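Please open the structure in a viewer and keep the sequence at hand. The stops below are meant to be selected in the order given.

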Amino acid sequence: MSVHKAITEHVNKQNKKINDFLSLDQLREMYIEEAVTLCREGKPFTTEKINMVTNQINELAKQGIIPTRKLVSVDMVREYALKNE
C-alpha cells in the first residue's frame with residue numbers, strides 16, 4: 001500500500017470520528033436543553049438520554065482525538081436551570 005493511500009485512509013478515519021463526535025455532541029446538547037426546559041416548567045425529566053449519548057461520546061473518545069464529556073445528574077440540570085433563568 002502506498003504511503004499516500006495509507007495517509008488518506010488514516011485521515012478519513014479521523015474525519016469520521018470527528019463528524020460522529022459532532023453529531024453526538026449536538027444531540028447531547030439538544031437533550032440537555034430539553035431537560036432544562038422541562039425542569040423550568042416544573043415537569044418531570046430524566047438525564048437518561050443525555051447520559052446514553054454521553055456514554056457513546058466517551059466510548060468514541062477512547063479511540064483518540066475526541067474529548068470526553070461528563071455524565072449529567074438531575075441535580076446538575078436543576079442547578080443550571082435555576083442559575084440561568
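Helix axes are lines fitted to C-alpha atoms over the stretch in contact, and the angles between N-to-C directions run from 0 to 180 degrees. Helices here are DSSP runs of H or I with at least four residues, numbered from the N terminus. The model is a predicted one, in which local features need pLDDT of at least 70 and side-chain atom pairs count only at pLDDT 80 or more, while totals for chains, interfaces and linings use all residues. Residues are numbered from 1 along each chain as its sequence is written, and side-chain values use heavy atoms, with hydrogens and water left out.

**Stop 1: the helix axes**

Two packed helices are described by the angle between their axes and the distance between the axes. Select α1, residues 3-40, together with α3, residues 74-83. Their axes come within 9 Å and cross at roughly 70 degrees. The two helices are therefore roughly perpendicular to each other, a class that covers angles of 65 to 115 degrees; under 35 counts as roughly parallel, over 145 as roughly antiparallel, and the rest as oblique.

The axes of α1 and α2 come within 9 Å and cross at roughly 160 degrees. That angle makes α1 roughly antiparallel to α2. Here the crossing is left-handed.

**Stop 2: the salt bridges**

Side chains of opposite charge can pair when their charged atoms come close. The criterion for a salt bridge is a side-chain nitrogen of Lys or Arg within 4 Å of a carboxyl oxygen of Asp or Glu. In the whole structure, seven salt bridges are found.

Select D25 and R69, whose side chains form one of them, with an N to O distance of 3.0 Å. D25 belongs to helix α1 and R69 to the loop between α2 and α3, so this pair ties together parts that are 44 residues apart in sequence. Are the two residues buried or exposed? D25 is buried, at 14% relative accessible area, whereas R69 is partly exposed, at 26%. Buried denotes under 20% relative accessible area, exposed over 50%, and partly exposed in between, with a 1.4 Å probe and protein chains only.

Move to E34 and K49, which form a salt bridge at 2.7 Å, N to O. With E34 in helix α1 and K49 in helix α2, the pair ties together parts that are 15 residues apart in sequence. E34 is partly exposed at 35%, and K49 is partly exposed at 37%.

Then select R78 and D75, where the closest N and O atoms of the salt bridge are 3.5 Å apart. Because they are three residues apart in helix α3, about one helical turn separates them. R78 is partly exposed at 41% relative accessibility, while D75 is exposed at 54%.

**Stop 3**

T46 is exposed, with 55% relative accessibility. The C-alpha atoms of T46 and I32 are separated by 9.8 Å, and the two residues are 14 residues apart along the chain.

Notes:
A crossing is left-handed if the near helix is turned anticlockwise from the far one by less than a right angle, and right-handed if clockwise.
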